[in-house]
Amino acid sequence: MSNLPARVCAVLGPTNTGKTHYAIERMLAHRTGVIGLPLRLLAREVYDKIVALRGPSVVALVTGEERIVPPRAAYWVCTVEAMPQGIGADFVAIDEVQLCADPERGHVFTDRLLHMRGSHETLFLGAETMRGVIAQLVPKAEFMRRERFSQLSYTGPKKTSRMPARSAIVGFSVENVYAIAELLRRQKGGAAVVMGALSPRTRNAQVEMYQNGDVEYLVATDAIGMGLNLDVNHVAFSSLTKFDGRKMRHLMPNELSQIAGRAGRHTNNGTFGVTGEAPPLDPEVVEAIESHRFTPIRKLQWRNNRLEFGTLEALLNSLSAPSGEMQLARTRDADDHRTLQALSQIPEVAARARTPAAVRLLWDVCQIPDFRQVSFNEHNAIVRRIFEFLHQDGQISQGWLQDRVARIDKPAGDIDALSKRLAYIRTWTYVAQRKGWVQDENYWRGETRAVEDRLSDALHGALTQRFVDRRTSVLMRRLKQKESLVAEVNDKGEVTVEGQFAGKLTGFRFQLDPKATGEEAKTLRSAALQALQPQFKLMSDRFYNAPDTEFDFTEQGGLMWGEYAVGKLVAGGDTLSPGVEPFVDEEAGAEVAEKLRRRLSHFINRKIEAVFEPLIALKNDETVTGLARGVAFRLVESLGVIPRSVIADDVKALDQDARGLLRKHGIRFGQFTIFQHLMLKPAPTRLRLVLWSLQEGLSEFPEAPPPGLVTIPAVADAPKGYYPRAGYRLAGERAIRIDMLERLADMLRAVDTRGGFEATADMLSITGMTLEQFADLMGGLGYAAERGERAKVKAAEAAPSEETQETAPAEVAEATAAEVAPEEVAEVAPAETAAQVEADADAAEMEVFYTFRWVPKKRPAEQGRARNAGPKGKGQGKGQPRGNGKKPEHKGKPRGAKPAPNRDKPIDPDNPFAALMALKNKS
């Protein structure tokens with residue numbers, strides 16, 4: 001084998017031992033050096049590191065598709081295939097030398113292992129499994145073992161949804177990688193994607209998202225196993241099999257170890273496991289990975305490097321030559337070898353390759369990698385066309401190449417389309433890097449690189465859009481870096497954090513964007529509330545100093561600040577002292593919540609004092625004492641309105657002085673209701689219903705009737721006690737406002753409730769009802785309504801009789817005589833001709849009327865007997881109607897004695913109009 005004029009050292013050990021870092025240090029200790037790396041991505045990473053240390057003017061980067069060679073290049077960073085030979089570098093390093101056993105690329109690594117040397121120092125970097133075979137093939141090599149900086153342990157299966165942060169999930173197909181990334185986006189906010197097929201620009205942009213904390217997860221192919229240094233704490237395998245280009249096969253323990261070793265960088269311990277459909281690892285495999293002990297590599301892949309270019313046949317024979325060494329196994333035919341075999345069978349190509357120069361040219365063209373991976377025949381067709389251009393014209397046609405590149409230069413489309421275009425442009429990037437193949441090499445190298453960059457950026461954007469919630473990634477990075485977040489709230493209440501829409505601020509409660517789900521929602525809410533802390537304090541100060549005119553309450557007990565719900569009323573110690581529960585996020589802090597509670601309490605207390613001023617004045621009047629004080633208390637407790645039947649005994653016991661004290665406060669002793677007249681206005685009514693509903697513990701508060709209506713339809717399922725608090729009394733299918741009901745009662749003083757009476761126009765007017773509706777109302781008040789029809793009396797014939805004149809004013813009699821049902825009025829046409837009037841003169845026009853009579857409520861028989869046999873000295877029993885035109889009979893008095901009229905006698909609850917009729921009978 002080769003003589004070793006200088007030091008050759010194999011630096012072996014598991015992952016995370018600093019082998020690559022050591023090689024960089026050793027190379028920079030020499031005047032010149034070359035380092036070969038297994039991936040274009042890794043080569044770019046190492047190039048950037050050395051440029052940062054020595055500057056770009058002395059560092060070269062050479063890969064199949066990229067070539068940066070400054071004039072004074074001293075340090076060459078290359079892929080293994082692109083390592084320059086014969087430049088006489090002082091230092092040479094070959095990374096991941098265990099790839100000498102790889103069926104696809106192993107022969108290239110083996111060739112560098114056997115033949116590539118530095119004039120002063122050569123390093124082989126790789127796994128411990130290469131010790132034996134290197135010792136056999138390079139007898140003078142030294143060995144340096146490096147131990148892993150951190151421990152690696154197995155954690156078993158774990159669901160993807162429960163994967164810890166800073167995890168890398170490994171898949172072995174594009175479809176598998178995309179599916180995992182999509183799942184992580186839904187459940188964890190997103191993931192970065194790293195694959196060997198990505199351009200360095202796309203890969204670096206994706207890795208940067210992961211490294212700076214935009215995303216907490218990485219989904220990758222086994223490309224991450226080749227020296228890519230990432231801050232990964234856990235590696236999970238989604239599969240234990242892969243397609244190796246020929247067939248599906250299980251991964252070997254050393255291959256699993258190479259990937260799992262990416263977990264736990266430097267001194268941080270790492271873990272590995274499985275997820276998805278991958279079965280648990282066998283204990284023996286786990287033990288091998290954790291202890292870094294694997295079966296030694298005994299055979300390397302080899303291909304003859306002493307090629308003969310005299311003829312096509314000679315070249316093919318030399319490629320198939322055996323190694324002659326036990327440790328070197330001839331590799332299976334590589335892609336370039338297979339392409340050469342296919343093209344040599346084409347007569348036109350064979351005819352061109354008749355000279356050694358043509359054969360060498362054909363071999364150079366056959367080494368163009370099949371980046372497209374579409375079909376073997378399509379790749380061969382492109383290679384053949386390029387060979388024909390080079391053989392015939394010495395260069396590839398400018399127009400033909402321009403057309404091919406222009407077809408690819410389309411940075412629009414989905415991930416699959418962009419990935420294909422990126423693979424296609426890599427072919428032309430590779431071609432442009434070959435010296436002498438194209439006109440104006442600098443232009444085409446720049447042009448193809450520019451197209452690759454545009455496609456790379458577009459692919460990065462597409463990957464990010466599909467697999468990363470950008471909003472969540474930005475916020476996660478800021479949270480991780482513990483930077484202060486900036487929140488903005490526009491005039492619509494929309495909250496943006498670091499420019500990302502987060503939701504809406506409704507008062508002092510944050511409503512998360514409904515599109516956010518899972519972990520994304522948690523992160524978004526956490527970031528938004530953290531950023532809103534200063535905003536909450538500023539808003540609370542403005543809220544506390546706002547005038548009462550900016551506040552209001554709703555009919556459901558809500559408290560509003562402008563258009564925002566900021567709290568609600570809750571039941572307090574008494575009806576006039578409700579409590580307040582502010583609506584504020586817990587994260588705003590107790591100080592903000594207390595400030596809201598105090599301000600809302602001030603508002604509602606002042607509102608109650610203003611709206612219920614007359615009622616509070618009654619409550620605080622110390623001159624109201626005795627029984628009057630008790631009535632006042634009950635009235636205040638009922639918020640200014642109470643049915644008379646509820647406190648009938650107390651009212652009955654009041655003397656005239658006590659009544660006078662209460663009347664000074666606007667108290668009216670109505671026939672049906674005791675009320676404070678000012679408490680019937682819309683504002684007190686609205687607030688009274690809210691406060692009453694709170695005390696009753698209603699889940700849904702009834703609404704106040706619209707202002708100004710005399711009657712309203714009955715409310716379905718109205719809670720008990722609703723109508724008095726609303727200022728109405730239910731009677732039939734409608735409820736009538738209590739003050740208008742008392743006016744109606746005043747009118748009924750002039751009628752005979754026992755003998756029967758008809759509704760007057762004034763009665764219909766104050767109630768705003770039709771005659772039919774009025775009949776239903778009176779029925780609800782305890783009257784029987786008898787319907788009848790009669791001939792309508794013409795106005796000219798409606799001369800009042802003496803009896804009518806004695807019992808009612810002339811205008812009342814006239815109004816009564818003129819009563820006509822609305823339907824009848826509608827039937828009389830105002831524009832009737834004289835002929836029509838004469839024709840209908842003999843026909844009698846009919847009208848509907850109702851006669852109303854008081855109907856006492858029926859009492860149980862035993863109560864009736866007790867009433868008839870009541871004790872002497874007692875007045876008329878309850879329930880017996882008064883105001884019927886006859887003087888009531890009194891029992892318990894000496895026979896023949898007549899009771900003196902008592903104008904202040906309490907009203908019979910069954911007939912509130914009885915006292916009125918008593919006054920009429922007395923007259």
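How many of the 923 residues of the chain count as buried, in percent? The figure is 48%. Buried means under 20% relative accessible area, exposed means over 50%, and partly exposed lies in between (1.4 Å probe, protein chains only).

**Before you click**

This is a predicted model, where local features need pLDDT of at least 70, side-chain atom pairs count only at pLDDT 80 or more, and totals for chains, interfaces and linings use all residues. Residues are numbered from 1 along each chain as its sequence is written, and side-chain values use heavy atoms, with hydrogens and water left out.

**Stop 1: the whole chain**

Show the chain as a cartoon. It has 35 helices and 34 strands. Helices (H or I, at least four residues) and strands (E, at least two) are DSSP runs, numbered from the N terminus.

**Stop 2: helix H9**

Select residues 312-319. This is helix H9, and 6 of its 8 residues are buried. Leu312, Ala314, Leu315, Leu316, Ser318 and Leu319 are the buried ones.

**Stop 3: Arg26 and Glu121**

Select this pair next. Arg26 forms a salt bridge with Glu121, with the closest N and O atoms 2.8 Å apart. Arg26 sits in helix H1 (residues 19-28) and Glu121 in strand S7 (residues 121-126), 95 residues apart, so the pair links distant parts of the chain. A salt bridge is a side-chain nitrogen of Lys or Arg within 4 Å of a carboxyl oxygen of Asp or Glu. Is Glu121 buried or exposed? Glu121 is buried, at 2% relative accessible area. Arg26 is partly exposed, at 27%.

**Stop 4: Glu388 and Arg385**

Move to helix H13 (residues 376-393). Both residues lie there, 3 residues apart, about one turn of the helix. Glu388 counts as buried at 14%, while Arg385 is partly exposed at 34%.

**Stop 5: Arg787 and Glu772**

Here the N and O atoms come to 3.7 Å in a salt bridge. Arg787 lies in strand S33 (residues 783-791) and Glu772 in helix H29 (residues 771-780), so the bridge ties together parts 15 residues apart in sequence. Arg787 is partly exposed at 47%, and so is Glu772 at 35%.

**Last stop: a network**

Salt bridges that share partners join a set of residues into one network, including Arg40, Asp48, Glu65, Arg201, Arg449 and Asp457. In total, the structure holds 54 salt bridges.
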